[in-house]
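Here are some friendly notes to read alongside the coordinates. I have kept them as numbered points so that you can check each one in your viewer.

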Amino acid sequence: MAEPRNVCVAHRGWSGRAPENTLAAVKLAMEEPDVFWIEIDVQLSKDHIPVVIHDYKLRRTTNGKGDVRNWTAAELGALDAGSWFSPLFKDEGVPTLDQVLALTAGRCNVNIELKTNGIRYPALEELVLASVRRFGMENEVVLTSFYAGALNKLFKLSEGRIRTGLIIDSWRQTLPLELSQTGSTFLSIDYSRLNKERMKLLKEAGIQVMAWTINEERAIRKIAELDRELMICTNFPNRWRQAMAGL
Ligand code: G3P
Ligand code: CA
C-alpha cells in the first residue's frame with residue numbers, strides 16, 4: 001500500500017470548526033481519523049506558565065484586555081476564548097500547554113510554535129521543553145519559531161534531541177545553510193513562497209517542509225502536487241481530505 005501523502009497539520013487545532021488554539025479545536029482535530037498533527041501557538045502567562053494563544057493581545061479571541069503576559073494562567077483559563085467564534089464555545093478558556101499535551105500525548109503529534117522574539121519571553125524555550133519532557137513527547141513534537149535565536153537555544157538545551165524548525169514567509173536561497181546553523185531539519189513556510197524548484201532544493205538538503213496555511217481545496221491539491229512528502233497546514237482538515245481524494 002502506498003504511504004499516506006501530504007500529512008495534514010490542523011492549524012491552531014481544527015480552527016475552521018472551533019475557536020483557534022482551544023481544547024475544543026484540539027479535540028475536534030484529534031477525532032478526525034487522518035489527522036496525526038496539530039499546530040498550536042505558545043506564549044507565557046504572568047506566572048510563567050506556557051499558554052496556548054496566537055496574538056500577544058487578548059482582544060481578538062477572548063473577552064480579556066491587554067497583553068497575555070499580564071494575566072496569570074488561571075485568569076487566562078477563566079476567560080471566554082470561544083464566543084468570538086460561536087456562542088456554542090463560550091466555555092472555552094485559554095488553555096495551558098500542559099492541558100493540550102495531556103490530550104495529545106501518545107495520540108497526536110504537535111507542532112508547537114514559540115511566539116517569541118527573544119525579548120518578550122526570555123524563558124519560553126526552557127519552559128516549553130520542560131512541558132514536552134513532562135509528557136514524554138520528545139519524539140512527537142516539532143518546535144518552531146520565526147525567531148532563529150529560539151531554535152539555537154532549544155538545540156543547546158535539548159542537546160539536539162528535539163526536532164526544531166524555522167518559520168519563514170520569504171524565500172532565501174541560503175535557507176538550507178541557515179537551518180543547518182540552527183540545528184534544524186524542518187522548515188515551516190508560507191505556501192505562496194514554494195514552487196517545484198525550491199521544494200527540490202530543500203528536499204535534497206534533507207529538510208522536512210510544511211506549507212502554511214492553505215484553506216482552499218484547489219490550492220491544497222496544487223501545493224500537494226509539488227511533492228508527496230510536503231506537509232500541509234490547514235484550518236480545514238476536511239478540505240485537505242477532499243483534496244487528497246483527487247490525487
Ligand atoms: O506555524 C505556521 C503558521 O502558523 C505561522 O503563522 O501567524 O498562523 O502563527 P501564524
Ligand atoms: Ca502558528
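1. A word on terms before we start: helices (H or I, at least four residues) and strands (E, at least two) are DSSP runs, numbered from the N terminus. This is a predicted model, in which local features need pLDDT of at least 70, side-chain atom pairs count only at pLDDT 80 or more, and totals for chains, interfaces and linings use all residues. Residues are numbered from 1 along each chain as its sequence is written, while chains are lettered from A and ligands numbered from 1 in the order in which they are written.

2. Overall fold. The protein has nine helices and nine strands. Its radius of gyration (taken over C-alpha atoms) is 17 Å, close to the 18 Å from the globule rule (2.2 Å times the number of residues to the power 0.38) for 247 residues, so the protein is as compact as a globular protein of that length. The C-alpha trace spans about 45 × 40 × 30 Å along the principal axes.

3. Burial and contacts. A residue is called buried if 20 or more other C-beta atoms lie within 10 Å of its own, exposed if 12 or fewer, and partly exposed in between, with C-beta atoms placed from the backbone. By that count, 45% of the 247 residues are buried. Taking contacts as pairs whose C-beta atoms, placed from the backbone, lie within 7 Å, residues 24 or more positions apart supply 54% of those with a separation of 6 or more.

4. The core. A nonpolar core is a set of buried Ala, Val, Leu, Ile, Met, Phe, Trp, Tyr and Cys residues joined through C-beta atoms within 7 Å. The largest one has 71 residues, and Val9, Ile38, Val51, Val128, Ala211 and Ile232 touch the most other members. Helix H1 (residues 23-31) gives the largest share of this core, six residues. Buried in H1 are Leu23, Ala24, Ala25, Val26, Leu28 and Ala29, and their cover includes strand E1 (8-11), E2, helix H3 (97-104) and H9.

5. Around Ile232. Leaving aside residues up to four places away in sequence, Ile232 touches Asn6, Cys8, Val9, Ala211, Ile214, Ile220, Ile223, Ala224 and Trp240. Helix H8 (residues 217-224) has Ile220, Arg221, Ile223 and Ala224 buried; among the elements covering them are strand E8 (208-212), strand E9 (231-234) and helix H9 (237-245).

6. The ligand shell. Which residues surround ligand 1? They are His11, Glu39, Asp41, His54, Glu113, Thr144, Ile167, Ser188, Trp212, Thr213 and Cys233, each with its C-beta atom, placed from the backbone, within 6 Å of the ligand. The shell divides into three nonpolar, five polar and three charged residues (Ala, Val, Leu, Ile, Met, Phe, Trp, Tyr, Cys and Pro count as nonpolar, Asp, Glu, Lys and Arg as charged, and the others, Gly among them, as polar).

7. Two backbone angles to look at. Most residues other than glycine have a negative phi. His48, in the loop between strand E2 (37-44) and strand E3 (50-52), has a positive phi near 60°. Glu159, in the loop between helix H5 (148-157) and strand E6 (164-168), has a positive phi of about 50°. His48 is partly exposed, with 14 C-beta neighbours inside 10 Å, whereas Glu159 is exposed, with 8.

8. Annotation. An unreviewed UniProt entry lists residues 6-244 as "domain: GP-PDE"; such annotations may be inferred rather than shown by experiment. The end C-alpha atoms of that span lie 8 Å apart.

Technical notes: Contact = placed C-beta atoms within 7 Å.
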